[in-house]
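Morning, everyone. Please bring the structure up on the screen, and I will walk you through it.

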Amino acid sequence: MTKKRGNIMGSEPAQDPMDQLEASGMTITTDTEIRWDDRSVKLPWDYALGLSLVIMITVIQLPYVTIFITGIILMLMLVLPLIQNYLETRSLDDTSWYRVPDPDVSYSEEKKSLHCRGLGKESHLIALNMKKARPILQGNLSKLLRGLDSSHGFLMVADLFPSDSKQVARDGVVTSIIERYLNHISSSQRKTYFHARGGLWRSQLYFVGHSHTESDVRLVEGQVKGSVPDSGFRRLKEKDLGQRLEEWDLCSSSPTFFATGKELAEWLVQLPSELGPEVGSNVPGEFIAPIRSRSDDYPLGVVVNPETLKTGPSVGLMHSDLERGLLLCGGDWRDRKQVLSVLIDQILAKGKKVLVLTINDDCQSLAGVSSSGLAVSLGKDFVLNPVDSEGIPRTQYVSELLLLLETLAGTNLSPAADFEVALSRVVALGNGTLADVVIDPEHESLQEGAVPPQNVRLSKSSALALDAIKRLYQGSGAKAFYGTQTISLSRIASHELVVVNLAIGALDLDMFALDLMSLKLSGLAKESDLVTVIDMPEHLVTNKSTFRYTKRGVMAERIVRRLLKRGPLILSVNNPSALMWDAADAFGSCIALRLRESADIAYVSDLLSLDVVGTGIHSKARQSSREGSFLRVMERGYALMSHEQAKTCMPFKIAPEPGLRTLSNEGVDMLPRPSLTKTDDGPEAGKPKTLLAVVGGRDRASVKEILKLLTRYEPLTEESVRRFLNAKGHTEVDIEAILARLENASLILRGSESHAGVSYKNYRITMKGSMALRQSEEVGSEV
């Protein structure tokens, strides 16, 4: 027997519930997004009718009051301009100001354009106004920028006025279902509804295009209407446009259409990273953003449209960009040479100085940018003495030099305490060489007055460090590092343009030469007019290093930070991904040439502002390979640039390379070299050299004070000498280094004394020291 199936939801209702809801006045909709029927801003009829009735009643009932008010208004309109002119003339009587009879900028009406004169080149203007917007806003800003010719300039003004949400629900400008929904919800809910959509605005839009030729400006209207297909655009009359520009009031009319903030943002106010999503697959959307021009100190070329390769305004770098650091990466040497030669030529034209450090022999041709350029080679034209601190505090220099020697030793030299003491002693002499770096425990013990140790063995770290020193003054590095330094780095940096080739042959020696040169350069006084260029910085490349050296990354970042602290810095490298990120992050500007490796492209994408942030202020993430493909196919002569003041990456065409002067056969100009080796300059030039001047150097005043003190009181300990000089104001002097130099020159004699079982070093003046002090006083009195 078949069982009758029932409705599990119960019996059918007698009346449809949807009809009951409709009868109750509720609205059912699947989408509450605002939809417009007519965006036009209309004057409310109740306001217009009420104002008309008040005016009619006043005129009929009180005619005399109407005539009186009208007369007062007419008198004010006639008298106020006269009073204003009188007050302006009276305020200018006691000053040197005079009134210009004609305006600085004049306008003349032409057919379908306005001719502007008096400010730069003559230009032709045309203006469009959005009289009536469609319910759906067509197009967007990226299409408009792509549709305009890059040679045209334009101004777009959106004038916004906040509007009450009641007006939209009352005037019937939205669809009926949305209108019923807005009328049903409460006032607070209605405000929240529009607040979530960016608010409700009464808006008007003006677009002003200009060009230097009348034929080009006539194309602007068609390009705008083609990019933004909205029939509401109307061209302003030439007379109306000229009057508005003279009054500095382009948006003098009332708003014409309604729009929410979200609609305006998607239509006009787009983020730079979201512009032009429909451009070619090889063109990043960021490049379509407008580039704000500025007056650059060093022009490098002109902006180009990467899709059409049409050129635009000039682009370059400010001197402040170089002070924050510039990273030049990608391409081959010929590409980087073009950028460097153009940039160096512009820097020299501004009266600045350039010092180029490189291990690339071809880089010496950059000295031909200037007629006074000089190219020198390490080991051939000068010697770089590692134990000459050149003014850097001894304790700091010795600790840094110990880190640099780890590259040659291939191990950690922190446990090599005896080697560090020997190295510090030689650096303190001031005129020592690498051959003076020896570890002699017996000699040290005798000097300290202790019993010489028996069978003392050097630690493994000290032995490796001594082997590295031996390689520098007896091995392949002898020609570059053994001997006194023939040219001081401060004198090299004083020249207008110097290219220093530090190539020795072995990679580890090249890295050590770059490290040592960077260390000494960072010790110079801060000078913003000296721009340092480092090409092929192998000492900063860590990812490709094969040495057993774990501190290279920390050392690379420290070198870059100190060089930037000293002055402007330019780093030229082929593969940017080989740099430590901490070192590259210190640079504020970047110029990228053609890159082929995916690792390099991913590395510079953030430096070039090509990455789109997926969190934070952006509502969505965008992953795209267009940036990488453009960097791979970029032709020779083009580059991408980004600096701190630019919001987006700028593609530009590099200016032609300046003519380079041909150097001599050896690659070195011999003529300017005597100016580098000359030492008799400054306030001490012309004075006879004394023994104290030779021994003391820049510390000659402190040396003289120490010898005078030992003449009166002897023997004195090192601490006594230090306190005496501090009382005299010599607080920055390295007392230990000065005493070591005086002892090495036999001007003082070191001894020892013991008190309560504690041994102290003391010093006495010798006969030679007394004679040197008398010679210094006699020469000073004669001069």
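First, some ground rules. This is a predicted model, where local features need pLDDT of at least 70, side-chain atom pairs count only at pLDDT 80 or more, and totals for chains, interfaces and linings use all residues. Residues are numbered from 1 along each chain as its sequence is written, and side-chain values use heavy atoms, with hydrogens and water left out.

Now the chain. It has 29 helices and 21 strands. Those are DSSP runs, numbered from the N terminus: helices are H or I with at least four residues, strands are E with at least two. Of the 783 residues, 44% are buried. Buried means under 20% relative accessible area, with a 1.4 Å probe and protein chains only. Take contacts between residues at least 6 apart in sequence: 75% of them join residues at least 24 apart. A contact is heavy atoms within 4.5 Å.

On to the cores. A nonpolar core is a set of buried Ala, Val, Leu, Ile, Met, Phe, Trp, Tyr and Cys residues joined through side-chain atoms within 4.5 Å. Which residues touch the most other members of the largest one? They are L378, L405, F419, F481, V500, L502 and F512, in a core of 85 residues. Helix α13, residues 394-409, gives this core its largest share, nine residues. Look at F419. Leaving aside residues up to four places away in sequence, F419 touches L402, L405, V437, I439, S462, A465, L466 and I469. Another core lies apart, with 35 residues, including V303, L328, A367 and F652.

Next, cysteines. C329 is buried at 0% relative accessible area. C590 is buried too, at 1%.

Last, the sheet. Three strands form an open, antiparallel sheet in the order β19-β21-β20. Strands pair if DSSP finds at least two bridges between them. β19 (716-717) and β20 (748-755) are at the edges with a single partner strand each, so one side of each has no neighbour in the sheet. β19 pairs with β21, residues 758-765, over two bridges.

Conventions:
Buried < 20%, exposed > 50% of the residue type's maximum accessible area, 1.4 Å probe, protein only.
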